[in-house]
Amino acid sequence: MRTIRNWLNAEVEIATSAGGVVALADAWQNFVRGGVTPWPTPELIQKLYQSRQARAFKESELAVATRALGFYSDLQSLHSEDAITWSVFGPIAYAEPKVRGRFVEELLRLVGVSGAAEGANVWLWRRLPHPDTLVPGGPEIDFGVQTSDVFLLGEAKWRSSVAATQGVERNKDQFTLRREFCSKYGRRILPEVKHFVVLGVSWRGGLIQRGDSDAEGVALHSRDITWDQIAAVDSHPCSAELRSYIAWKKAHSLTV
């Protein structure tokens with residue numbers, strides 16, 4: 001049995017793919033839970049599907065990776081964007097309204113967007129109508145924030161790049177689709193919102209160029225930050241643990 005120490009200094013069993021990607025034998029050891037109960041949450045059950053990446057593991061490693069669930073899930077990988085997304089935003093989504101409001105207030109300040117934070121909703125992995133066709137099952141939004149006058153769509157990455165062949169003609173990237181949804185339909189669907197935000201979050205930053213536009217008093221903001229910057233927001237109930245968690249992921253993730 002091969003193990004590593006996790007961010008809490010507990011010993012956890014791992015499997016390693018042929019390409020060197022570390023996966024945990026127990027998927028739930030890949031998350032900062034933040035005291036959320038019952039566990040796992042519906043969003044995570046939704047994400048707990050069998051991965052095609054099982055083929056990347058040799059037989060002995062695959063036996064370890066599939067022992068707990070009977071199959072391999074991407075949530076087990078230390079490269080999992082969903083794991084870090086839930087670890088950061090899941091505890092906020094399930095936090096008391098005052099805690100959630102304080103965090104959203106600081107997050108908006110961090111990205112340089114003015115707007116109310118009271119009564120904020122935070123959600124994960126919801127889909128928008130497709131901005132090209134308005135059919136259901138459009139872009140999956142990794143995390144979202146909605147207040148009385150702010151609507152934020154977040155795209156989360158760890159090591160992967162921005163998908164660039166999306167849209168009906170495969171000529172748009174992920175951020176273009178999100179901006180187009182906001183600019184085409186945001187004001188009609190959410191007439192009280194004054195600030196639409198498209199936010200990229202990643203290990204090193206640089207996913208999206210900062211920008212602002214304004215049409216008839218409604219602003220569209222493009223913003224880019226890192227996971228470390230979010231973890232430094234002191235009002236997050238797991239801030240200290242998140243800093244250790246992110247450092248642990250960096251230490252055991254492939255860098256190229």
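The model is a predicted one. The volume of this largest pocket is about 820 Å³. Its lining counts 28 residues, and those closest to the centre are D74, H79, E81, D82 and S160. By type, the lining splits into 11 charged, 9 polar and 8 nonpolar residues.

Now turn to the sheet. It is open and built from 6 strands, in the order β4-β5-β6-β7-β9-β8. The pairing is mixed. Strands β4 (121–127) and β8 (211–215) stand at the edges. Each has a single partner strand, so one side of each lacks a neighbour in the sheet. On average, neighbouring strands are turned by 20° against each other, direction ignored.

Two helices belong in this picture. Helix α3 (residues 81–93) packs on the sheet. It touches β4, β5 (140–146) and β6 (150–156). Its direction makes about 145° with that of β4. Helix α4 (residues 97–111) lies across β4, β5, β6, β7 and β9. Against β9, helix α4 runs at about 90°.

How many of its residues are buried? The count is 8 of the 9 residues, so β9 is largely enclosed by the rest of the structure. What sense does its pairing with β7 take? Strand β7 (residues 195–202) and strand β9 (residues 218–226) are parallel, and 8 bridges link them. Two positions let the reader trace this pairing. V198 faces S222 in β9, and G200 stands opposite D224 in β9.

Strand β8 also pairs with β9. Here the two run antiparallel, joined by 5 bridges. One of the pairs is A215 with V218 in β9. The hairpin of β8 and β9 has 2 residues between the strands. In this hairpin, E216 takes a positive phi near 55°. In general, strands of a sheet pair through backbone hydrogen bonds, in either the parallel or the antiparallel sense.

Next, a residue within a strand. V197 lies in β7. Is V197 buried or exposed? Its relative accessible area is 0%, so V197 is buried. Which residues does it contact, leaving aside neighbours within four places in sequence? V197 touches V113, V150, F151, L152, L153, H221 and R223. G144 is 53 residues away from V197 along the chain, and their C-alpha atoms are separated by 9.6 Å.

Last, a residue in a loop. S17 sits in the loop between β2 (11–16) and β3 (22–24). Is S17 buried or exposed? Buried means under 20% relative accessible area. S17 has a relative accessibility of 10%, so S17 counts as buried. Leaving aside neighbours within four places in sequence, S17 is in contact with A56 and F57.

Notes: Residues are numbered from 1 along each chain as its sequence is written. This is a predicted model: local features need pLDDT of at least 70, side-chain atom pairs count only at pLDDT 80 or more; totals for chains, interfaces and linings use all residues. Side-chain values use heavy atoms; hydrogens and water are left out. Two strands pair if DSSP finds at least two bridges between them. Helices (H or I, at least four residues) and strands (E, at least two) are DSSP runs, numbered from the N terminus. Axes are lines fitted to C-alpha atoms, for helices over the stretch in contact, and angles run from 0 to 180 degrees between N-to-C directions. Contact means heavy atoms within 4.5 Å. Buried means under 20% relative accessible area, exposed over 50%, partly exposed in between (1.4 Å probe, protein chains only). On a 1 Å grid over the protein atoms alone, a cavity is a set of points where a 1.4 Å probe fits but cannot get out, and a pocket is an open set with protein on both sides within 12 Å along at least five of seven lines; lining residues have an atom within 4 Å of a point. Grid points are joined across faces, edges and corners, and a volume is the space filled by probe spheres set on the points. Ala, Val, Leu, Ile, Met, Phe, Trp, Tyr, Cys and Pro count as nonpolar, Asp, Glu, Lys and Arg as charged, and the others, Gly among them, as polar.
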